[in-house]
Amino acid sequence: MGALDVDYMLGLVPVLLGYLPLTLQLASVGMVLALILACLFAVIRVLRIPVLNQFTIIFISFFRGTPLLVQLFLFYYGLPQLFSALTVIDGITATIMGLTMHFSAYMAESIRAAIVGVDRSQTEAALSIGMTNGQLMRRIILPQATRVALPTLMNYFIDMIKATSLAFTLGVTELMGATQKEASGSFLYFEAFIVAAVMYWIVVEMLSWLQGNLETRLNKAYSR
Amino acid sequence: MIELKGLRKQFGEAVVLDGIDLTIKKGEIVVIIGPSGTGKSTLLRCVNFLEQPTAGEITVGDLTVDVNRARKADILELRRQTAFVFQNYALFANKTALENIAERLLVVDRWPKAKAHERAREILRRIGLEDKADAYPASMSGGQQQRVGIGRAMAAGAEVILFDEPTSSLDPEWVDEVLSLMKQLARERQTMLLVTHEMSFARDVADRVIFIDGGRIVEQGPPSEIFYHPRDPRTRDFLQKILATHQV
Ligand SMILES: Nc1ncnc2c1ncn2[C@@H]1O[C@H](COP(=O)(O)OP(=O)(O)OP(=O)(O)O)[C@@H](O)[C@H]1O
Ligand SMILES: [Mg+2]
């Protein structure tokens, strides 16, 4: 076993840190869009809105049933071929589309389960006092469902941060892409990738800590 | 005043309410009794439109609704005028006792927050739970939760409060506090339509007892008549069975 080139690793830290923001941006934008889409899908599924419900079921099944990498390639290489107006779709857009759709499919199911999990009698109580369906959702169901779904959604966010590394296959130079380039220049693969791995790890650990805090706060909420 | 005319409810082929005619005067306390599965809950739920009735007419206060022509606005208005107390309390788990009571004033009646909370506090005083204003349902006893459930129904200022077996899920130790709150409401001449197996409550408090079987009103009258001189054999039969298990 050769010695690790520690100086190289330390020198690499500031370089790779410069690419971390793009990684976080991909994940954040993907997460926000996925959340919006997932809420929409969940409500469609819960209310069983005709046509849209069937569409949503197929959509969710497809995006849960196929690998994310295949979906990314479909968007990146496939879409421009299908729609000639899109002569090229840039890697960042394709990544965000892929992450959004892939994760919205998973998140829709957990949001749906959380909504359905709110005791049915509260729905009746809300209706019995003359609330509309919208008021019921906003004031009674969603606040409780959010609390139930939040830990799972945080897990998906963490998964999504790690999944952004696939963007390098579409030529996006985020943390993983940058590491790959550095490593193939220096041939110090182990050093380069261990630095990248530790960076992902620290980000995820910070989020887990946040998640833990949020959960304790939320669990306290209704119990006193 | 509330009036039901020819109220019918079918679940698919099954006829659960088979033409109910019923008039309840303002301030009247009416208790419905009857065997399990005869449509007592369904009747209350139809009045509040938690179930869509199949046919008939419902009048509550100034509002008359033909159930088949009811528009959304009619249904909301009907629900405003008929408050419901549920067997399992059905409090909003994400809201405090105070918020549970204030909720409809804020959201449905669009009162300003200060006024709604003031009213809710007044109701908490009346139900003896001022000190629980900021407590969430999960931290309250069954009896306290049901009292808040009743408080939520009182907030409405509804024409009538519908109670569906309000004490049936309670541990025995909490039954009395809920019954005594209901008696207090009865003394204040709050119009009430209730389903209960508490026969002594029915005997002491009801102005009228209605015996339902097979989706129809079989017999009705003042408690003294129904409990002590029932005419229909089905009523007699039912009372014999229930009095064997519940004391009056
Ligand atoms: N949503 C529903 N779909 C189909 N059938 C129903 C539904 N709700 C009630 N029923 C049926 O209607 C009948 C009357 O039910 P309901 O709950 O009104 O009876 P109940 O008199 O309140 O009985 P209990 O004393 O047991 O509460 C029952 O046979 C029940 O199975
Ligand atoms: Mg019932």
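In the predicted model, Glu159(B) sits in the loop that joins helix 5 (142–155) to strand 7 (160–164) of chain B. Helices (H or I, at least four residues) and strands (E, at least two) are DSSP runs, numbered from the N terminus. Glu159(B) has a relative accessible area of 17%, so the residue is buried. Buried means under 20% relative accessible area, exposed over 50%, and partly exposed in between (1.4 Å probe, protein chains only). Beyond neighbours within four places in sequence, Glu159(B) is in contact (heavy atoms within 4.5 Å) with Met1(B), Lys26(B), Val60(B), Gly61(B), Gln81(B), Gln190(B) and Thr191(B).

Over all chains, the structure holds eleven aromatic pairs. Tyr106(A) and Tyr156(A) form a tilted pair, with 5.8 Å centre to centre and 45 degrees between the planes. Rings of Phe, Tyr and Trp (its six-membered ring) pair if their centres lie within 6.5 Å; planes under 30 degrees apart count as stacked, over 60 as edge-to-face and the rest as tilted. Tyr106(A) is in helix 5 (residues 91–117) of chain A and Tyr156(A) in helix 7 (residues 133–163) of chain A, 50 residues apart. Tyr106(A) is partly exposed, at 24% relative accessibility. Tyr156(A) is buried, at 17%. Ring pairs also join Phe41(A), Phe55(A), Phe59(A), Phe62(A), Phe63(A) and Phe75(A) into a cluster.

In chain B, Lys115(B) lies over the face of Trp111(B), 4.2 Å from the ring centre. Arg152(B) lies over the face of Phe92(B), at 4.8 Å. A charge sits over a ring if NZ of Lys or CZ of Arg is within 6 Å of the ring centre and within 35 degrees of the ring normal.

Residues are numbered from 1 along each chain as its sequence is written, and chains are lettered from A and ligands numbered from 1 in the order in which they are written. Local features need pLDDT of at least 70, side-chain atom pairs count only at pLDDT 80 or more, and totals for chains, interfaces and linings use all residues, while side-chain values use heavy atoms, with hydrogens and water left out.
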